There are 2 protein chains.
Amino acid sequence: MRKKSDGDRSTSLHDVTIVDVADEAGVSYATVSRVINNKDHVSPEKRERVLRAMAQLGYVANLQARSLAGGSSHVVGLLVNYLSSSYTIEIMRGIDEVLQTHHYDLVLYTTHTRKTKESAYVARLTRHLADGLLLILPQETTSYLDALRQRRFPHVLVDYLSDGAYAPSVATTNFQGAYDAMNYLLELDHRRIGFITGGRETGCAQQRLEGYQAALKDHGLPYDPQLVYYGKFLQPQGYQGAQTLLNLADPPTAIFASNDSMAFGVMEAARERGLHLPEDLSILGFDDIPQAAQVHPPLTTVHQPLNKMGQRAAELLLDYMADPLAPIERIELPTDLIIRQSCQRRSER
Amino acid sequence: MRKKSDGDRSTSLHDVTIVDVADEAGVSYATVSRVINNKDHVSPEKRERVLRAMAQLGYVANLQARSLAGGSSHVVGLLVNYLSSSYTIEIMRGIDEVLQTHHYDLVLYTTHTRKTKESAYVARLTRHLADGLLLILPQETTSYLDALRQRRFPHVLVDYLSDGAYAPSVATTNFQGAYDAMNYLLELDHRRIGFITGGRETGCAQQRLEGYQAALKDHGLPYDPQLVYYGKFLQPQGYQGAQTLLNLADPPTAIFASNDSMAFGVMEAARERGLHLPEDLSILGFDDIPQAAQVHPPLTTVHQPLNKMGQRAAELLLDYMADPLAPIERIELPTDLIIRQSCQRRSER
DNA sequence: AAAATATATGCAAACGTTTGCATCGACTGG
DNA sequence: CCAGTCGATGCAAACGTTTGCATATATTTT
C-alpha cells in the first residue's frame, strides 16, 4: 500500500517503469519486457516504437524486480579473503574488465580469512543476489563447494587446485614455476636455499613447495626441513621467516619466498641485519605484483599472469552462466621466471 | 508462473521463505517480517518462536524482494575511478571494514575515468540497487550531484572538496599537508623544488598545488611555472614529469610529487639517469601508501589516513541512510609529514 | 464494571518484473 | 475457400518481501 499521488506518474520523482514505457509506445508491458530481453515474437515496428519510448523516458531496469520474477540479476559475486594484497587486486582488475564489457555488476565480499563468513556469504549470494560466483583463493572450499555444484550454481575458483575439490577453476603452473625458480638458483650455485611457504591449506602453496622439493631432488640435494618456514602469504611472515632461517647455524645463501609480499619481508629483514642485496643473500619471489619491479633491488620472481587469470575466470563464469550444465573446466595458465636483480651467483669465499 | 512441484517445499531445493518460517513458528508471515525488521508490536513469546524457526530452517532474506517491497536493500554502491592504485584500495578497506560490521553489502563500480560511465552507474545504482552511494575521487560530479541531493539519496564523496559542489564529503588537509612538506624541503635548503600535480579536475590536486605555491611565497621565493608538471596521479606521469623537470636548464634539487605513485615514477627516472638517491635529488610524495615505506630509499611523504577516510566516509553514509535529512557534513582529517630517507639537505657544491 | 486505549496479530495489496497460456489474425496448403 | 499453423500480442499470475488497515485481545482509566 504505497501511497503515490496520481500526479507522480507525470513528475520526475516517479521512477519510470516498464508500464510507463508500454503506455508511451502504445503496447502492452509484456511486449516491452520481450523487447528488453531480446525475445522473439515482436514485430519490428513495435520493437522500434518500444526502443524509442525507452530512450525518451530514460528507462532503467529494476534489477530487483527482474531477478525476483525469475530473470537474471546481472550481478556476480566476488569473494575475496584479503583486500589489500596486490595479488588480489590485480586479479580483480582482470575480472572487472570483462564483467564490465558484459554489463555485469560486481558485489564484493571480503572474508578476512574468517571461514565462517565465507560460508555465510556464499549462502547469501547464491540464494538470491547473484547469478554467479567467483572465489579468489578461497580458504575453506569443502563446506559449500558441494552445495554449489549440486545446485548447479555457476561458480569459478581462482587459484585453487586442490585434488579433492573438483570445481571449475583458473590457476597457474605453480609446481613448474617453483621448479623453474629453483633451477635458476641452483644454477647460480646456491646449495642451501631457504623456502617460505604460503598458507598450508591453499593448493597453490602446496604445489610450490612440491616444486621446491622436486628441484632439490633432481639436483641430488637433500631436503632439509629446517630450511622451510611456514608462512601465510603476508609480509610480516616473510620477515619472520627470514629471521628464523638466517639464524640457523648453517644459514641459506638464497631464500625463495612463496609470494612477493613475503619476499619483501625477507628484504626488510636482510637489510635490517646489514646484509647487502643481492651480494649477501639472493631473494626470489612469486607472483610478480607491480611493486616487484619497484623495490630495490628489483625482485626476481615467478610471474603469474594475474590480470589474465581474472579475465579468464570471469569469462569462464559467463560461460557457465549461459550454460550451467557445461562440463567442469580447469584452466591452468603458464608462469614465467622474470629475472631482475635480486639474485646473484653464490660468491666463493 | 514458475513451475514448482509440490514436493519442493519439503526438499532442500526450495529456498526457505518468510512463509515457511511462519508456518514453522505457527504465526502469520507478517509477524515474521516484523521480527526480522525488529519492529514493535510482537509479543516476546512469538518473537522467540520465530527466531527459533528461522535458525532451524536456515532462513536467508531475499534482498531483491525486500527492497522491491519498499524496504532497504542493505547494499551500498561504491564508485571508484581506478582500481589499481593503493590509494584507492586502502580507502576501500576502511569502507569495507565498517560496512561489514553493519552487515551491508558492497557493489563495486569502476569507471576507469570514463565520465559517461560514471553518470550511468549513478543512475543505475540510485534507482534501485543501493541504499547509499560512496564515490572515491569522483571525476565529474556536477552532472549527477544535484540529482542525488534533490532526491535526498544518501551519498558521500571521498577526497573531493571542490568549492562548487556542496556535498557530504570526507577529505584531508591537502593544502596544509603540501605546505608542511614544502616547509620541510625549504628548511633543507632546497630552493628550486619541482612539483608534479595530480588531475587538474580533482579538488585535492588543486589544493596541494596551492599549498606548494603558498609555501614558496611565505619563504619569499618566486613561483616558477616551469617547475610544475601536470600529471594525473599515475606513475608514468611521475616518470615523465621527472624527465621534463630534470632536463631544465636549471633543474630542481628536489621534486615534490602530488602522490606516492608519481613519486615512484620520479625515483625510476632519477635512477635511470644514474642519480643517487637521496644525495643527488630529494623526493617527496603524498598519500603514504604501504609501498612508500618499502621502496628504496624509503619515501618521505605526507601521510593521509586513507583507511580512516574510508571508515569515516562509510560511517557518515550510514548516518545519512538512517536520516536522509541530516545536514550536509564535510569532514577533514589531518595529514602528517612522515620523514623517511628520500630527502636530504641540499649539498653545497 | 464499562469505556477507552494500547498492543498484538493477520489480511491483502503493492513493489516491477518475467513468462505460461489464451486469443486473434494472417498466411499456407489442399 | 476452408482447415490448419504460426507469429504477434495481451492478460494475469507469480517471485518474496513490507506495511497500512482492520480486527481481536489485553490493559488502563474513570
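Both faces of strand β2(B) are covered: Asp105(B), Val107(B) and Tyr109(B) are buried on one side, and Leu106(B), Leu108(B) and Thr110(B) are buried on the other. In this predicted model, 6 of the 6 residues of β2(B), which spans residues 105–110, are buried, so the strand is largely enclosed by the rest of the structure.

The neighbours of β2(B) come from both chains. Strand β2 of chain A, also residues 105–110, is joined to β2(B) by 3 bridges, and the two run antiparallel. Across this pairing, Leu106(A) stands opposite Leu108(B). Strand β1 of chain B, residues 75–80, is joined to β2(B) by 6 bridges, and here the strands run parallel. In that pairing, Val76(B) stands opposite Leu106(B).

These pairings belong to an open sheet of 12 strands with mixed pairing, in the order β11(A)-β5(A)-β4(A)-β3(A)-β1(A)-β2(A)-β2(B)-β1(B)-β3(B)-β4(B)-β5(B)-β11(B). The edges are formed by β11 of chain A and β11 of chain B, residues 330–333 in each, and each of these strands pairs on one side only. From one strand to the next, the twist averages 20 degrees. At the chain B end of the order, strand β5(B), residues 169–172, pairs with β11(B) in the parallel sense over 4 bridges. Within that pairing, Glu332(B) in β11(B) is the bridge partner of Ala171(B).

The relation between the two chains may be considered next. Chain A can be laid on chain B with an RMSD of 0.2 Å by a turn of 180 degrees and a shift of 0.1 Å along the axis. The two copies are thus related as by a two-fold rotation axis. The same surface serves both copies, in that 96% of the contact residues of chain A recur in chain B.

Chain A is divided into domain 1 (15–61), domain 2 (75–171 + 306–333) and domain 3 (174–304). The C-alpha centres of domain 1 and domain 3 of chain A lie 60 Å apart. Helix α12 of chain A, residues 306–322, lies across β1, β3, β4, β5 and β11 of chain A and runs at about 165 degrees to β4(A). In chain B, helix α12 contains Gln311(B). Gln311(B) is buried, with a relative accessible area of 18%, and touches Gly94(B), Ile95(B), Glu97(B) and Val98(B), leaving aside residues up to four places away in sequence.

An α-helix has 3.6 residues a turn, so residues three or four places apart point the same way.

Most residues other than glycine have a negative phi, and most peptide bonds are trans. Phe233(A), in the loop between β7 and α10 of chain A, has a positive phi of about 75 degrees although it is not a glycine. Phe233(A) is buried, with a relative accessible area of 13%. Asp288(B), in the loop between β9 and β10 of chain B, likewise has a positive phi, of about 65 degrees, and is buried with a relative accessible area of 14%.

In chain A, the bond from His296(A) to Pro297(A) is cis, with omega near -5 degrees, and Pro297(A) lies in the loop between β9 and β10. In chain B, a cis bond joins Leu277(B) and Pro278(B), with omega about 0 degrees; Pro278(B) is placed in the loop between α11 and β9.

The loop between β9 and β10 of chain A also holds Pro298(A), which is buried with a relative accessible area of 15%. Not counting residues up to four places away in sequence, Pro298(A) touches Ala292(A), Ala293(A), Arg340(A), Gln341(A) and Ser342(A). The C-alpha atoms of Pro298(A) and Cys343(A) are separated by 9.5 Å, although these residues are 45 residues apart along the chain. In chain B, Ile339(B) is found in the segment after β12 and touches Tyr184(B) and Thr300(B), again not counting residues up to four places away in sequence.

Terms used. Residues numbered from 1 in each chain as written. Chains lettered and ligands numbered in written order. Predicted model: local features only at pLDDT ≥ 70, side-chain atom pairs only at ≥ 80, totals over all residues. Heavy atoms only, no water. Least-squares fit on C-alpha atoms with pLDDT ≥ 70 in both. Contact = heavy atoms within 4.5 Å. Pairing = 2+ DSSP bridges. Axes fitted to C-alpha atoms, helices over the stretch in contact; angles between N-to-C directions. Domains from an automatic or database assignment. Buried < 20%, exposed > 50% of the residue type's maximum accessible area, 1.4 Å probe, protein only.
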